[in-house]
Amino acid sequence: MSRKIHIYGNWKMNQLTDDIYRFFDEMEDDSLAELKCQGGIAPQFPHLSLVKEKAMPLGIKTGAQNCSHQTSGAFTGDTSPAVLKDLDLDFVILGHSERRTVFGESNQTINEKTLLALELGLDVVFCIGETLEEREANKTFDVLKAQLDEGLKGVAKEKHADIIIAYEPVWAIGTGKVATPDQAQEAHAYIRKHLAENHGFNKESLIIQYGGSVKPANAHGLLSLPDIDGALVGGASLKPGDFYELMKIGSELTP
Ligand code: PGA
């Protein structure tokens, strides 16, 4: 496989300022310079600049966990993707299942955010995934197809390289229940084929991360699969030792 492994941490609504200093103090102890994979961290909004300052010298990208569907205006409590760009951030995570279920974001809303973030020059980590109910009803591929078709509608071909897909089965997020290698590989292969055949994505260069209870103990098995090019990691990314270990595994598997 010729694709670089991408290990991104989604810190969700965790970490106080002191925790962040401690995290990077521990990370700096280890030599990240020779690691070949691409790391990324998405903290809460108020910590973006601090994380960027700490992460950039280590070659780790910084991104937000969400953004507004509008550039500016009367949207109390929202954060514009223009501000994320203004802070010189690298990426934004969109369509995470917690945004979809807890905050009711539809494929259409996620599409609006995706188009705007891309237009403003941010990379997008575009999350999709089926619930347990949908998997048990054999609807996994239908759900993934709708999330891709509706969420990526209207994305220009020249923006394809700015998109990472994160396949995160909802039943595996934060549950300790990781998808089996067969389940993950099957979904990733479907996503790659669908995006290449129906959206004109480059099959060879498209990065597809797996997310859902990834930790050092199961990462090697998942990341060695042909269509898995990285991981979007929640819980384990909060621990500097685990995050470093995941980056090390990703680097060993990066050509
Ligand atoms: P988890 O979360 O690794 O804690 O399961 C993954 C995610 O939600 O991105």
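Trainee: Asp242, then: how accessible is that one?
Mentor: Asp242 has a relative accessible area of 23%, so it is partly exposed. Buried means under 20% relative accessible area, exposed over 50%, and partly exposed in between, with a 1.4 Å probe and protein chains only. This is a predicted model, where local features need pLDDT of at least 70, side-chain atom pairs count only at pLDDT 80 or more, and totals for chains, interfaces and linings use all residues. Residues are numbered from 1 along each chain as its sequence is written, and side-chain values use heavy atoms, leaving out hydrogens and water.

Trainee: Which residue forms a salt bridge with Asp242?
Mentor: Lys239, with the closest N and O atoms 3.8 Å apart. The cut-off is a side-chain nitrogen of Lys or Arg within 4 Å of a carboxyl oxygen of Asp or Glu. Lys239 is partly exposed, at 47% relative accessibility.

Trainee: How many salt bridges in the whole structure?
Mentor: The search finds 11. One of them joins Arg192 and Asp227, at 2.5 Å from N to O.

Trainee: And what does that pair tie together?
Mentor: Arg192 is in helix H8 (residues 181–199) and Asp227 is in the loop between helix H9 (216–223) and strand S8 (230–233), so the pair ties together parts 35 residues apart in sequence. Helices (H or I, at least four residues) and strands (E, at least two) are DSSP runs, numbered from the N terminus.

Trainee: Arg192 and Asp227, buried or exposed?
Mentor: Arg192 counts as buried at 4% relative accessibility. Asp227 is buried too, at 12%.

Trainee: Which residues are in the network with them?
Mentor: Arg3 and Asp229 are linked with Arg192 and Asp227 in a network of salt bridges.

Trainee: What about Arg135?
Mentor: Its side chain meets that of Glu130 in a salt bridge, 2.8 Å from N to O. Both Arg135 and Glu130 are buried.
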